[in-house]
Amino acid sequence: MNHQVLINILRKHIKDEKFIRLMWKFLKVGWMNNWQFQQTYSGAPQGKFLSPIVANIYLNELDTYIEKELKLTFKTIKYVRYAADFMIGLNGSKEESERLKQAIANFLQQPLQLNLSAEKMCVTHRTKNARFLNYDVSIRDEGSGAKGKGKKRVHLRMPNGTIENVIVKNKMVKNIDAKQWDMLHRPKLVGLPDLAIVERYNRELLGLYHYYALAENVSQKMGQLHHVMSYSCLKTLANKYKSTVPKMKKALQQGKYWGVTYQTTQGEKIAYFYHDGFKKGTAALQPEVDQLPNLYV
């Protein structure tokens with residue numbers, strides 16, 4: 001982000017020079033890299049709570065341009081943006097799409113002094129996957145029957161390689177390219193309490209599941225990851241107690257599932273390894289919006 005452009009945008013709506021001077025200080029505060037101070041000449045310092053707000057203020061100019069100007073030229077636009085990533089649907093030809101892309105590139109470059117990412121920005125047909133927020137998105141025919149004819153539906157899928165990347169990042173298999181994976185323990189977790197080890201695996205598993213819950217293939221993909229993480233968790237616990245996976249699973253078996261016991265003020269409890277499946281979620285989720293200011297946050 002260009003600092004002067006941002007200040008000019010703020011001045012259109014805020015007539016308070018004390019506030020503007022405060023924003024200048026925020027933008028010029030700098031950042032630390034290996035204990036070396038670095039000047040901030042553009043952009044907003046990462047990690048500051050104002051950074052995402054400032055970015056949205058900046059890119060609101062793009063939102064307004066698309067909604068109020070481009071929709072007059074390209075009348076069938078569907079536009080969505082999250083942070084710096086956006087996706088546009090256009091009912092038109094590839095040539096029209098290229099013109100739309102160029103119009104956006106020109107707007108970003110001229111008033112906002114931003115450049116489109118050549119790697120991420122592409123024009124593709126609705127039936128082919130487009131990557132948006134790490135989902136593969138496409139629009140396909142609903143069906144060939146009388147009721148489905150002519151109807152189209154948005155398809156969301158977890159991209160190929162997502163599960164494999166998580167496994168490789170956490171070093172949970174010996175060779176990711178092998179036909180049959182040989183699961184590994186995670187040395188960094190061996191020194192933790194049993195409860196902390198199981199909870200760490202569960203958090204990672206559920207975090208990924210909750211993010212990809214809208215994907216059509218989430219059940220199959222997460223089921224694959226669940227198998228790897230369950231075995232890796234057991235292997236980590238077995239390594240901690242100098243035991244084997246079969247012996248450890250037998251010792252931790254609690255009915256149909258396995259888990260570790262821990263003490264609370266109410267007595268002994270069990271922390272199970274996650275076992276409730278990975279059903280596909282629905283898009284019809286109602287956001288919880290405060291109708292009045294929430295003074296307790």
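In strand 10, T264 has G267 as its bridge partner. The model is predicted. Strand 9 (residues 257-264) is joined to strand 10 by 6 bridges in the antiparallel sense. Both belong to an open sheet of 3 strands, ordered 8-9-10, in which the pairing is antiparallel. Strand 8 (253-254) and strand 10 (267-272) are the edges of this sheet; each has a single partner strand, so one side of each is left without a neighbour in the sheet. Helix 6 packs on the sheet, where it touches strand 9 and strand 10, and the direction of helix 6 makes about 130° with that of strand 9.

On the side of helix 6 the contact is made by D194, I197, V198, Y201, E204, L205, L208 and Y209. Helix 7 contributes V218, M222, L225, H226, M229, S232, C233, T236, L237 and K240. By class, the residues of this contact are 12 nonpolar, 3 polar and 3 charged.

Helix 7 has a further partner in helix 8 (residues 245-252), with an angle of about 95° and axes 9 Å apart. This makes helix 7 roughly perpendicular to helix 8. Y231, L234, K235, L237 and A238 of helix 7 form the contact with V245, M248, K249 and L252 of helix 8. Here the division is 7 nonpolar, no polar and 2 charged residues.

**L237**

L237 lies in helix 7 and takes part in the contact with helix 6 as well as in the contact with helix 8. Is L237 buried or exposed? With a relative accessible area of 1%, L237 is buried, since buried means under 20%. Which residues does L237 contact, leaving aside its neighbours within four places in sequence? They are D194, I197, V198, M248, L252, W258 and V260. The C-alpha atom of L237 is separated by 31 Å from that of P159, which is 78 residues away along the chain.

**Helix 3 and helix 4**

Another helix pair is formed by helix 3 (residues 51-73) and helix 4 (residues 94-109), whose axes come within 11 Å and cross at roughly 135°. That makes helix 3 oblique to helix 4. The crossing of these two helices is right-handed. From helix 3, E61, L62, Y65, I66 and L70 meet L100, A103, I104, F107 and L108 of helix 4. The classes in this contact are 9 nonpolar, no polar and 1 charged.

Strand 5 pairs with strand 6 (residues 135-141) over 3 bridges, and F132 has Y135 of strand 6 as its bridge partner. The hairpin of strand 5 and strand 6 has 2 residues between the strands, and L133 takes a positive phi near 55° there. Strand 6 and strand 7 are paired over 6 bridges, with R157 of strand 7 as the bridge partner of D136.

**Strand 3 and strand 4**

Strand 3 (residues 77-82) and strand 4 (residues 85-90) run antiparallel and are joined by 6 bridges. The bridge partner of K78 in strand 4 is G89. In the hairpin of these strands, with 2 residues between them, A83 takes a positive phi near 55°.

| Strand pair | Sense | Bridges |
|---|---|---|
| Strand 3 and strand 4 | antiparallel | 6 bridges |
| Strand 5 and strand 6 | antiparallel | 3 bridges |
| Strand 6 and strand 7 | antiparallel | 6 bridges |
| Strand 9 and strand 10 | antiparallel | 6 bridges |

How values were computed: Residues numbered from 1 in each chain as written. Predicted model: local features only at pLDDT ≥ 70, side-chain atom pairs only at ≥ 80, totals over all residues. Heavy atoms only, no water. Contact = heavy atoms within 4.5 Å. Helix = DSSP H or I, 4+ residues; strand = E, 2+ residues; numbered from the N terminus. Nonpolar A, V, L, I, M, F, W, Y, C, P; charged D, E, K, R; others polar. Axes fitted to C-alpha atoms, helices over the stretch in contact; angles between N-to-C directions. Parallel < 35°, antiparallel > 145°, perpendicular 65-115°, else oblique. Left-handed = near helix turned anticlockwise from the far one by under 90°. Pairing = 2+ DSSP bridges. Buried < 20%, exposed > 50% of the residue type's maximum accessible area, 1.4 Å probe, protein only.
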